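Here is a short report on a predicted model.

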Amino acid sequence: MDDERIVNEKQTIGIVGAGICGLCTALALQAENREITVFERDGAPPAGDADQAFFEWQRRGAAQFRHPHAFLALMCNILKDNYPDLIEEFWQAGARKVSFQDMLSPEMTANYQPEPGDEKLWLLMCRRATIETVLRRYVERQPGIEIINNVTVTGLLASAVDGCIVAGGLKLKISNDASEVRHDLVVDASGRNTRFPGWFEELGARIEVEDDDAEIVYFTRHYKLLPGVAEPGRGEDRSAGDLGYIKYGVFPGEGGHFAVILCLPNAEQALREAVKSEAQFDEICRSIPGLLPWVGAGVAEATTSSFGFGDIHAVWRHFVRDGRPHALNYFAVGDAAVRTNPLYGRGCSTGIKHAHILAEVLDAVDDPVSRAVEFDQRTEDEIRPIFKASLGEDKNGIKRAAAIREGQALDRPDSLRKWLRLSLGDAISAAARDQLHVVRGAMRTFNLLEPPGEFLSDWRIRLTILRYMFRGRGVNARSRMQRGPGRTEMLELISASTPQ
Ligand SMILES: Cc1cc2nc3c(=O)[nH]c(=O)nc-3n(C[C@H](O)[C@H](O)[C@H](O)COP(=O)(O)OP(=O)(O)OC[C@H]3O[C@@H](n4cnc5c(N)ncnc54)[C@H](O)[C@@H]3O)c2cc1C
């Protein structure tokens, strides 16, 4: 009788957070023998379409909610391969597909010949509010998954054995009432401000954290094309690029909505102040040729003010030390475990990948200690290379921005090894502007379809990059930059329009 009860009993899993990774973890773990509950501190999305979700949904728990998101091919392919009906629902909500061919410049498009693998290189284009609402409604309909809104997880039910925490459930607060719920497994998908490491510390376990400041700030403003105005096509000046002291980009959404981001080094104090002003945000955008077709007079109207996101760090939390897990029956996914600079648009893709790694480990391994160790090892093997590459890009970006503030065209490395690395980076960026086979390889890396830099093992790409290296760093580094005002000119522009 007892044996029969054990066989029939379902495993209960509590997921903290119904953000993109929490929802995708629920989907990845869904199984007949599992009962999954997702606890979310914010309310449900409002009834209605994408506009209502974007303008009305209170998402205090995910501060990045109204910043534009790129949904890279890694995420798109995982979702398409596992939940093709979900992708159909994204199209119905107005999301658009950007294929590899759509990403090419007009000259490259003219000579484009499809190659095997190109079909995997595609992006989803829409506001994050749209993705999150459609995903949330899809998950709500799944058997064996329940989402409970307006409930804050306030602690972990756990015991500590020899310094190792054994998770057994969650402490909850609903309105002003406290309660507890027991779970066999707890998944932390509560995002960048996860409180679990603090709770672990109270229980005697210290989670080591790698934490590197990207030293940038990210500003966004949303717009809508005026009636009768068509979306600008791909022109000579790109709608996303780098002027050295500022990075910019247009994120087209659905129904004529789009967002513009301006990303600045923390040290650019005057510009950081200027972008807080709606008028100066627009003025800066209009001075950049790649943005002008979107924000020039008579094209679009703003639908929000300009708003920022600072304190951008690359973060890696270690839940296993020297092969010993700090906690059993507890797993952190998405931003709660690993965070990279949003400028690269990788967080949702790596988070969803992480959720699927967790599902594979839970399916394959039963012993709690082995599970924790295996999950940690797979995270290291599959996500660490992306984290490391992002961190390297952050460090180069900090040096490049400092050189430009000091009036130098190039940052000056202090060793031959660093010089070679920078030369290689500049040659890749330059070749990826005008050589189709290099663009394809770089796009595979950018979209996380292969480990960072794997495309460089292709001999044809290597030869092209070598040829570009012979052109010299100066030429290649310049071609990384787009056309637009230099830093001094931009500072003069904003100084002239700053109210005294
Ligand atoms: C400015 C900016 C731009 C970005 N752009 C991109 C991009 O272009 N592409 C991309 O892929 N990624 C981007 N990212 C990263 C991406 O937003 C994150 O990687 C992703 O949202 C992480 O998902 P998550 O589910 O782990 O966390 P979140 O999306 O942060 O979700 C966490 C959820 O947990 C809930 N929660 C938190 N604490 C509790 C609690 N105690 N009890 C109950 N619920 C709780 C929150 O309310 C929230 O819903 C960007 C990030 C920023 C900051």
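The largest nonpolar core has 121 residues, and Val 260, Leu 262 and Val 333 touch the most other members. Such a core is a set of buried Ala, Val, Leu, Ile, Met, Phe, Trp, Tyr and Cys residues joined through C-beta atoms within 7 Å. Buried means 20 or more other C-beta atoms within 10 Å of the residue's own, with C-beta atoms placed from the backbone. Helix α2 (residues 20–29) gives the most to this core: eight residues. Helices (H or I, at least four residues) and strands (E, at least two) are DSSP runs, numbered from the N terminus. Apart from this core lies another, of five residues, including Ala 50 and Phe 54.

Numbering starts from 1 along each chain as its sequence is written. In this predicted model, local features need pLDDT of at least 70 and side-chain atom pairs count only at pLDDT 80 or more, while totals for chains, interfaces and linings use all residues.

Next, the ligand. Around it are 36 residues, and Gly 17, Gly 19, Gly 61, Gly 334 and Gly 347 come nearest. The cut-off is a C-beta atom, placed from the backbone, within 6 Å. α13 supplies the largest share of the shell, four residues.

The domain bounds come from an automatic or database domain assignment.

| Domain | Residues |
|---|---|
| domain 1 | 1–69 + 127–212 + 313–408 |
| domain 2 | 215–311 |
| domain 3 | 411–500 |

The centres of domain 2 and domain 3, taken over C-alpha atoms, are 22 Å apart. In domain 2, 17 residues are in contact with 13 residues of domain 3. Contact means C-beta atoms, placed from the backbone, within 7 Å.

Key
Buried ≥ 20, exposed ≤ 12 C-beta atoms within 10 Å, placed from the backbone. Contact = placed C-beta atoms within 7 Å.
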